[in-house]
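Me: I've got a model open and I'd like to learn how to read it feature by feature. Can we walk through it together?

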Amino acid sequence: IIMDPESGDIHAIASLPSCDPNDLKKRSPECLTNKTIIESFEFGSVMKVFPALAAFDESVVTLDEEIDCYNTQATYIDGIKITTWKPCGIIPYRDVIALSNNIGTSKVTARLGKKLYEHLRRVGFGTKTGIAFPGEEKGYVMHPKQWSGASLFSLSFGYETRATLLQLARAFALFSNGGYLITPRITLNTPITRSEYPLYPPESIAAIRECIERTVTHGNAQRMKIPGITVLGKTGSANLIIDGAYDPSATLFSFACIIEHGSYKRVVALFLKKAYKSGILSATVTVPCARKIVERMLIHDKITPKEIS
């Protein structure tokens, strides 16, 4: 999905596999659905920015607070085993997000308690976006009444919340348009509709912007660095549920980013489902794909910064 965060205009939307709708012999239900709108998923770490946004808004953490991530890939917090992709020691919270450390994320999110649910709903998860497209899925956020002892940690890194890619793109737009929740538009002459007021104060939005810009400059999305262009982004990966259980060999990889150059702003979000190959990360799958999309988008939109012209 490519979306204008100010107007909500969808500039591009694609779902593969696709087919020629005029060829009746090769049409199938899978090819005819737009998975970015009518299917919801647990997206994993790309969702970490929203518990982080809640943590800043509730003043339970600062960018500079040193978080002990125990320098391990696995530990126990309140009796719950937490694993992460890469060990980190004591690092500032901005790097907990930029380096996508599950242990540090879990420790800070635990300070929010049930308030986390309110914040996830506030940014539009569990609610249809209102786009003029049939069959939109509203997704799901686990209610505190249904939480287990592990739910708060799971929610902190993108499980127990199902969202569509469109919901994810709309939520990311908050960090580019000043905190407004926008209604996506795919038809001409549709009024621009957004929340009456920003959902979060400028300080909270700025804190997240710093975290996801650092993800690109110093974190695991460095392949998205584009000279002369401001890029902010977050990667995600999550095991898919196959036959009622999480399958560690079936992973959904995702990436959402914000592209800015002066007044030019775009949100780009994508996912790759069921990449059956071991030893790969979202940083090596979706980020390079996103870069190719963004480079073509900038050429199409005639955005040529002096630094790369």
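Me: Which residues of α3 are buried?

Reply: Keep in mind that this is a predicted model. A general idea for helices: there are 3.6 residues a turn, so residues three or four places apart point the same way. Here, the buried residues of α3 are V49, F50, P51, A52, L53, A54, A55 and F56. With eight of its nine residues buried, helix α3 (residues 49-57) is largely enclosed by the rest of the structure. Just after α3, S59 has a positive phi of about 55°.

Me: OK, strands next. In what sense do β4 and β5 pair, and over how many bridges?

Reply: In a regular strand, side chains alternate between the two faces of the sheet. In this case, β4 (residues 74-77) and β5 (residues 80-83) run antiparallel and pair over four bridges. For A74, the bridge partner in β5 is T83. The hairpin leaves two residues between the strands, and D78 takes a positive phi near 55° there.

Me: And pockets? What is the volume of the second largest pocket?

Reply: Rolling a probe the size of a water molecule over the atoms shows where empty space is left. For the second largest pocket, the volume comes to about 560 Å³. It is lined by 22 residues, and A14, S15, L16, L270 and F271 are the closest to its centre.

Me: Which element gives the most to that lining?

Reply: That's β11, with six residues in the lining of the second largest pocket. α2 (35-38), β11 (264-273) and α10 (282-300) each supply at least two.

Conventions:
Residues are numbered from 1 along each chain as its sequence is written. This is a predicted model: local features need pLDDT of at least 70, side-chain atom pairs count only at pLDDT 80 or more; totals for chains, interfaces and linings use all residues. Side-chain values use heavy atoms; hydrogens and water are left out. On a 1 Å grid over the protein atoms alone, a cavity is a set of points where a 1.4 Å probe fits but cannot get out, and a pocket is an open set with protein on both sides within 12 Å along at least five of seven lines; lining residues have an atom within 4 Å of a point. Grid points are joined across faces, edges and corners, and a volume is the space filled by probe spheres set on the points. Two strands pair if DSSP finds at least two bridges between them. Buried means under 20% relative accessible area, exposed over 50%, partly exposed in between (1.4 Å probe, protein chains only).
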